[in-house]
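Open the model in your viewer and get your selection tool ready. We will go from stop to stop, and at each one you will hear what to pick and what is there.

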Amino acid sequence: MELKLLTTETLKLFSSKNTSELIKKLPNYWNDEQAKQKFCDLVNDLSIDWLQKIFQYYEADRKDKKQDYTPTTLASLMANIALRNNENDITDMCAGSGALTIQCWNLNHKIHAECLEFDENVMPMLLFNLAVRNISANVYQMDVLQNEVKHSWKVVPGKKFGKVVANDNNN
């Protein structure tokens, strides 16, 4: 799907005027089964990180945070390395919107992910990506260099979609 159409339709789906508003509103849809189903119907292929495409083009902070996102080919290579021993547990440091985790999920739908990400702006997309794919995960908004956690969530798998639950012990 072409980026402009993807963005327009995604904004419409989540009742957002622009991508900044989408990021703010997305947590309202983390546990909305209908919204997740409509997103699946829109993109038609969950093997691709569609939200990454939107975030990278419109919201990435390349100047100050030097944000750029992992190419799918590199994420796929790393997923194959990470899962070569048929492990189900993966750690995705600097997870962004979840490119590596999604590539691991493409190889094994039974993974459990630990996702660590510093940028609060991409967290709503990461958590939605995990929930819509029904990926079991612990997610931490944190500074991995300082080992300081600001917020944390669990994504608990359901019948079709995961449920995002905030942890009460956020630092």
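**Stop 1**

Select glutamate 21, which counts as partly exposed at 22% relative accessibility (buried is under 20%, exposed over 50%, partly exposed in between, with a 1.4 Å probe and protein chains only). Before moving on, note that this is a predicted model, where local features need pLDDT of at least 70, side-chain atom pairs count only at pLDDT 80 or more, and totals for chains, interfaces and linings use all residues. Residues are numbered from 1 along each chain as its sequence is written, and side-chain values use heavy atoms, leaving out hydrogens and water.

**Stop 2**

Select glutamate 33 and lysine 36, another salt bridge, with the closest N and O atoms 3.8 Å apart. Is each buried or exposed? Glutamate 33 is partly exposed at 43%, whereas lysine 36 is buried at 0%.

**Stop 2: the sheet**

Show the five strands, which form an open sheet in the order 1-2-3-4-5 with mixed pairing (two strands pair if DSSP finds at least two bridges between them). Finally, pick cysteine 115 and its bridge partner in strand 3, valine 139.

Methods
Helix = DSSP H or I, 4+ residues; strand = E, 2+ residues; numbered from the N terminus. Salt bridge = Lys/Arg side-chain N within 4 Å of Asp/Glu carboxyl O.
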